[in-house]
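Please work through each task before reading its solution.

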Protein chains: 12
Amino acid sequence: MPDHTYKIIDLVGSSSESIEDAINGALGRASETISHLDWFQVKEIRGTVSDGHVGWYQVTLGVGFQVLKPGDVHREA
Amino acid sequence: MPDHTYKIIDLVGSSSESIEDAINGALGRASETISHLDWFQVKEIRGTVSDGHVGWYQVTLGVGFQVLKPGDVHREA
Amino acid sequence: MPDHTYKIIDLVGSSSESIEDAINGALGRASETISHLDWFQVKEIRGTVSDGHVGWYQVTLGVGFQVLKPGDVHREA
Amino acid sequence: MPDHTYKIIDLVGSSSESIEDAINGALGRASETISHLDWFQVKEIRGTVSDGHVGWYQVTLGVGFQVLKPGDVHREA
Amino acid sequence: MPDHTYKIIDLVGSSSESIEDAINGALGRASETISHLDWFQVKEIRGTVSDGHVGWYQVTLGVGFQVLKPGDVHREA
Amino acid sequence: MPDHTYKIIDLVGSSSESIEDAINGALGRASETISHLDWFQVKEIRGTVSDGHVGWYQVTLGVGFQVLKPGDVHREA
Amino acid sequence: MPDHTYKIIDLVGSSSESIEDAINGALGRASETISHLDWFQVKEIRGTVSDGHVGWYQVTLGVGFQVLKPGDVHREA
Amino acid sequence: MPDHTYKIIDLVGSSSESIEDAINGALGRASETISHLDWFQVKEIRGTVSDGHVGWYQVTLGVGFQVLKPGDVHREA
Amino acid sequence: MPDHTYKIIDLVGSSSESIEDAINGALGRASETISHLDWFQVKEIRGTVSDGHVGWYQVTLGVGFQVLKPGDVHREA
Amino acid sequence: MPDHTYKIIDLVGSSSESIEDAINGALGRASETISHLDWFQVKEIRGTVSDGHVGWYQVTLGVGFQVLKPGDVHREA
Amino acid sequence: MPDHTYKIIDLVGSSSESIEDAINGALGRASETISHLDWFQVKEIRGTVSDGHVGWYQVTLGVGFQVLKPGDVHREA
Amino acid sequence: MPDHTYKIIDLVGSSSESIEDAINGALGRASETISHLDWFQVKEIRGTVSDGHVGWYQVTLGVGFQVLKPGDVHREA
């Protein structure tokens, strides 16, 4: 059984609704060009303020996926 | 175009419902005396436990806003 | 008034719905054998990806509770 | 029951005697204008050296207190 | 000579007097059920404020001890 | 000789020219209302990008000054 | 499908041979009483020095396993 | 209004002159293939020494830009 | 002599044998499409557990290489 | 007025009595060969356990002093 | 080809002009007694405030150089 | 029984073979002039890449030893 290599890219998802929506937004965007995303890790939660409440949640994620073939190392999101 | 200075204050919002509510609670409280809040960053998420589930979410935020005039450096929240 | 000692154990709660659900799941599981949980702190938020959105949120918590009697130092969750 | 908001300010207490004295010095100073301080966290312990022993202990604290009314967000120490 | 395994548990000691008392309180409590504690590391120093000075020092420790037999891995404090 | 208490506030200075200018801008703004600033520490260096080079340097500083009288604990910048 | 809860315990493995041996030693010891260990994370690598080379490698691990039933929260290693 | 996704890539700029030059060098290089860079954050400042002074400043940056279309997730610098 | 720009990508190598094998596996995979890799930094060592010993070592690396021409900023691994 | 250079060395002081004693012990030892120590910073507090209470406090310090002449760069403690 | 050993010493350079000057000042001082300095890493940027702008930049560096012969391990700066 | 003082120096060992070899190389070099090294801690693991695999492992260590007499504070490695 061969050893695997994974790649981690950093994305920032945004949402005016919730932290979970911001995460899912970034994952959805990344999955349009990378079909086999494996896991994510939240690196930072920040956002903008508008009229005294959250305008946009901005969640920075590291997103990991397996490098299946050499060309996959060019996959970015 | 003049250079700007911003100030960051640390607040802890609390909510029995969700992390997002705790963030919005702190931002709402701060906006009562500072009208031009710009951004926030989550520094810590903790809370109390009651009857086997979350009692209160306690979310520590750094909240940033522009120092528009000298007196604004006394603005705290 | 005697000085108190507290114990902190690390748990990972999981949920397909939300970060809050993952936290409450871990706290609920721990409360089945420890009735007097006091507080928690979020140490890490990560998860799995499935079909371009979050499969499972996995939230690592430190959970604290008071050591009421010697045997309590064996309480783990 | 309303959700609470807390404010954290950073102070540095100093003492030629002990770390505990430095902490109490900063808390005492802050309590002259803020009566309802709640908790503190030690962020850094450093100091000066004089004649081969400690001259002054300098202990950086985050000090938290509840924002009871809008004006309290201007309370600084 | 066999290789050893050690276990680290996290405890929070408290004292109204000093940081050292808080550390010793947690170690004393743990030693009631674990006789062979080896070392500790201070992870956090915080506390409560009462009447403008420290109410309780709360010191979080990692405490290490050797796993002498399988059953020792259940030793918690 | 009495023990001193210091206060640290967080400011973000900005400049289109250099990191040093951003630091001096924040210190200059703060000194308009606090005459006795003592020291600063750089906490973060970031900025905006415009046309392929730096638009604004944004430097987050902790700025320390001595609390000379109770009212000084309200000094913010 | 129910949500899972995991527990993380901290162990220090030691070996005079290699970092990998130290990790395997701690995992082997833990598996004597916990059959379903899932993953580990290296938190610290240190050791002793003897005659100008490594005496013992001491590797601190967080080791995770699923809490299958209430009693499992008492599993420690 | 749709939610946005951003991508962060890590670059190291170098300059024999100044930290600012090293930052601008990396941003200039990246802007040759990505026209809409938004922000950067300094992650590390290091360098080489030559004849008793700095040879090259080497500044590690995280550089962020908006993912405008699926193909943009392949943009790297 | 022109200033250089480098790019850092994050990879996770895996091996059932050793930490060194996991590192070499990721570097070997990356070198299939990028011939001029320069350096690496270990960011995390973790792994899976199988039958009481390490199943897979998973080592997260930052891998750096020089951006020789604009197209190289699209090189990912 | 010339620019100054300082040197920082890392020492571990130990005491069976208190954290302050451990700090003073290390500073006293260092001052036997370096007369102009300026400041210290606490980097770690740990210790040994003996009979259920602290055996030795071990406090790691960074200690700074000015490099007055070239030979001073060889001063270590 | 033999394996090399390097030594890292911590220095603080100061300058009233710029961060770069502070770095070069420390490197210049160190090079008076160590001719083969290799690299540096910035660990902290802080300074004093005078009349509302920077008095002295104080930049803490780790400076590395190769240990060419046993006596070199006594080289400090 | 007198209190002890220890000194920690930072070394970087290198090896083309393994992380353990790099550690032992630095310890062996240091032991040529300091006979009583006590312990080490790994602070960083990095290296160079050559032909798609590791060229040199470079492991940064803090190495501790007891200061037995004043002159020992000049011992560096």
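**Exercise 1.** Classify Glu44(D) as buried or exposed, then identify its salt-bridge partner.

*Solution.* Step 1: Glu44(D) has a relative accessible area of 19%, so Glu44(D) is buried (buried means under 20% relative accessible area, exposed over 50%, partly exposed in between, with a 1.4 Å probe and protein chains only). Step 2: its side chain meets that of Arg46(D) in a salt bridge, at 3.6 Å from N to O (a side-chain nitrogen of Lys or Arg within 4 Å of a carboxyl oxygen of Asp or Glu). Step 3: Arg46(D) counts as buried because its relative accessibility is 14%.

The model is predicted: local features need pLDDT of at least 70 and side-chain atom pairs pLDDT 80 or more, whereas totals for chains, interfaces and linings use all residues. Residues are numbered from 1 along each chain as its sequence is written, chains are lettered from A and ligands numbered from 1 in the order written, and side-chain values use heavy atoms, without hydrogens and water.

**Exercise 2.** Determine which residue forms a salt bridge with Glu32(A), and how Glu32(A) is classified by accessibility.

*Solution.* Step 1: the partner is Arg29(A), with the closest N and O atoms 3.4 Å apart. Step 2: Glu32(A) has 47% relative accessibility and therefore counts as partly exposed. Step 3: over all chains, the salt-bridge count is 36.

**Exercise 3.** State whether Thr60(K) is buried or exposed, and list its contacts.

*Solution.* Step 1: with 10% relative accessibility, Thr60(K) counts as buried. Step 2: beyond neighbours within four places in sequence, Thr60(K) contacts Ile8(J), Leu11(K), Val12(K), Gln41(K), Val42(K), Lys43(K) and Glu44(K) (contact means heavy atoms within 4.5 Å).
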